[in-house]
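Reader: I have a model open and would like to learn how to read its chain-to-chain contacts. Could you walk me through it?

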Amino acid sequence: MSASANDQVSWLRQPGVLAALPAAIFLLLGFAGPLVMVFGYSFMPARSFSLLQAPTLENYVSVVSESYYISFAWSVSLAALTVLLLFPICYPVAYGMARLFGKWANLVTVLIAVPLLISENIRLFGWVLVLVKNGILDGSLQTLFGASASGPLYSVPAIVLGLVYVYLPFMLFPLVIGISMVPDTLKEAASDLGASRWQIFREIELPLSMPGILIGGILTFILALGSLAESKILGGQAIVMIADDIESAFTFAQNWPKGSVLSVLLIGLSGLIVFALFRRIDLDQIIGRR
Amino acid sequence: MSASQSSRTTRSLIVIWTVTVIAFLYIPMVAVALASFSKQRYFRFPISRWTTEWYTKTFESLSVRDLLWTSLSVAALVTVFSVLLAFFGALAFARYDWKGRKLYQRLVLLPIFFPQAVLGLALLLWFSVLDVTTSWQTAVFAHMIWIVPIVILIMSIQVYSFDPALEEAAFDLGATRWQVLREVTLPILSPGIISGGTFAFLLSWGNFPLSLFTTGADQTVPEWLYAKMVSGYTPMVPTLGTLTMSGAAILILVIYLVWMALGARRRARMATNDE
Amino acid sequence: MSEDGSAFLELDGITKKFGSFTAVRDISLKIREGEFFTLVGPSGSGKTTMIRMLVGMERPTGGEMRLQGKVLNDVPANKRPTCMVFQSLALFPHKSVGENIEFSLKIAGVDPIRRRRRAEELLAQLRLPVEYYDKGVNQCSGGERQRIALARALAFDPQILFFDEPLSALDFRLRKTLEKELKDIHKETGKTFVYITHSLEEAMVMSDRIAIMRDGGIVQVGSPQEIYNRPVNKFVAQFMGEVNTIAVEKASARTVRATADGSTFQVPGMPAGFETGFLIIRPEVMKIGKAAEKLKNKVKGVVFNDYALGSRIQYQVRSDARDEHWLVERLQDDPYEGHVDDKVTIGWQPADSILVSE
């Protein structure tokens, strides 16, 4: 047996490798496999259901030449808008949870996490009931002021509301971790050296909580980028987001290669951002701290 | 400094803002609950006539029973399998040092960041290429792709605070690998396993985008709700929604209490050991 | 030090309560300009709370602190002309060595060129290579980090430097080196240093004056020599290190009687009003064997064991007079001539006795 084969055997015998194997094999089968296949389909002739034909770039060409850039643009801008809105909304809450609330922080965490465990559908449907004509908002305004607020549903602002609502915890929790990673003594030291509250924030807290901010921002961005339910339930036909296009290509149009191309583009965009993030961040440090 | 120097006004502003944000999170759920008690066929606010008849109808409905049974089966299987896979996955993630761990950490988390609708569609293709007929069993598989990484992440938090010397001490005292696992590792990691399992169950129970493309002819509760929201609205939508929300809330409460009791017992034991 | 000995930093009845718990009670102190002043106490003695109040991170619940006559109580930490070196050092991990040192100057709006010049000046003063300016603080060794923290605190020329046990995490030898280095820097800069530590030994090496704290109050203030030679009570004497402590009562004007077995010992004199208390004898003044035979105060016992303590050897001797062992120390190159388990006489000169009433 060669030396490298010996090395491989001893590598495989490590408890860490053995423990990693089940989940790794499972994800290889259920995650990597389908993705490779989608990638393969993106090079098949349009409307084919087999992977065994001569590869072609025609789907990429047709996707670029058609108007899919509109739904991409909508997805990217709404995702970016969601992140921009969520940061100022979440930062004060995260700061409170990390610094001020003490034993109440646990309760706040539970209260914010609970909605995550309830189907997104039901929660978005709740917003439909609030925003719909004669719904809770409209009905209250009519009863109280005689004014009508019909029309907020099935519009871009309603979609943004849904995105902000659904992804709020995904921005909040990483921020809490990020902020609590900043040791108190560093802020005290900065204050002792003459820094004002604002200077402490800018010079110490913001840069040191950057890993949390980045994770929160990027997680939210990516999730919003691939979101489907918000635009379908709250947006009606107002706009089409990219996940909508992918779904119709795969289902109504029965054009797997085209759906695959769109998926590959979306995955590529998200993957690029995630890898850029992971290169800068040490997961041991972030998850390991309590 | 944090507490003593943050001025009172800043503190109260943050508290008020936090309460507002939490209220915002619960608005739609309150709306759903309100709608379930409205007598009108189509929801109007303010509610003029209240009723509980939709609940009676929901309980009597055979199709709702099927939905609940499907959702429950999926969630239960997802929980069991995810916890098993993720337990070892978390040990590999956070407990052991091995060559390739950093790469494994990043790859294993990727599915969490992945758009679920696209994942669902990719799996639909995958199943059809492999010639597997989609049904609630394939949905179990699909849910796990997304949920196993989340449970690994949750359990890792607990594993990070686990002192490996405890396992080594048990080995040193003559325990076998299996005895170490049963006597030391599992009991100490039990809070992480409980919370991981809870998340697995509830995330599967509420999942829509993966179920939509992978359940085939079977239907879970979120799928049915969506179908009825889009076309064929019936007040059973908010009713079933309220029921599933209450179920989730009760489960969370129970787990939370168990958790607190476990924590209290641990603290009590550690306190006596300190004396 | 100021000629007239007037206070530079004056504490007047400083008290700090956390709810019903009093961490610091009624402390009054005068610290002179240019002095190296150390607060020493075991953990829980209130010294950390004290220094946090001095720096401005806690507010006293009673009393007044004045710097050159100006009341400091309500001045926040970032407006005080004082600076602290933290126990954890609190170096900013995302900033380079140079950026750490310059931090206070950047905050004050000093222009980059002058900032850099000052930082390089401080690097030189603290014997750090000038290339360290761009190095990450986490790449520096423990001793280097120590000096960077000190340089950062010195950068804006504070009137007083506070130190919160900055050496406690270091290994023994590095700590010994840095203690001396710190004393040298104190001499070079001529600044007022206020230091807290739990180690009286460390305080002795560096300080001009020492205040010993216990349970939130001050037990004794004095120079290292005063504290060493004239501890005011058993707590201070024992805090210094291992000593022989014997419970005694007054027998005559120049003798005390041990309460345990009634044996009497001569003492040079009696504090006014002394009735009962403790006789304290340091191990290094104790004699053993032949040297003890002709002494006025002596005890017979059996050598229990011997311990090499570096430059000295400690012998523990068991006698019927006390439950505890007697401690006797001799230089390593002048050991006791007998063996463990020998019967032996030990003793001391009356002039080496220290008598305290509590």
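Author: Gladly! Two residues are in contact if their C-beta atoms, placed from the backbone, lie within 7 Å. This is a predicted model, in which local features need pLDDT of at least 70, side-chain atom pairs count only at pLDDT 80 or more, and totals for chains, interfaces and linings use all residues. Residues are numbered from 1 along each chain as its sequence is written, and chains are lettered from A in the order in which they are written.

Reader: How many residues of chain B and of chain A does their contact take?

Author: Chain B contributes 76 residues and chain A 79 residues. On the chain B side, helix α2 (residues 8-36) gives the most, with 14 residues; helices here are DSSP runs of H or I with at least four residues, strands are E runs of at least two, and both are numbered from the N terminus.

Reader: What is the class make-up of the chain B side that touches chain A?

Author: That side has 60 nonpolar, ten polar and six charged residues. Nonpolar means Ala, Val, Leu, Ile, Met, Phe, Trp, Tyr, Cys and Pro, charged means Asp, Glu, Lys and Arg, and the others, Gly among them, are polar.

Reader: And which residues meet where chain A touches chain C?

Author: There, 14 residues of chain A are in contact with 16 residues of chain C. On the chain A side, α9 (184-192) and α10 (197-208) each supply at least two residues, and α9(A) gives the most, with six. By class, this side of chain A has seven nonpolar, five polar and two charged residues.
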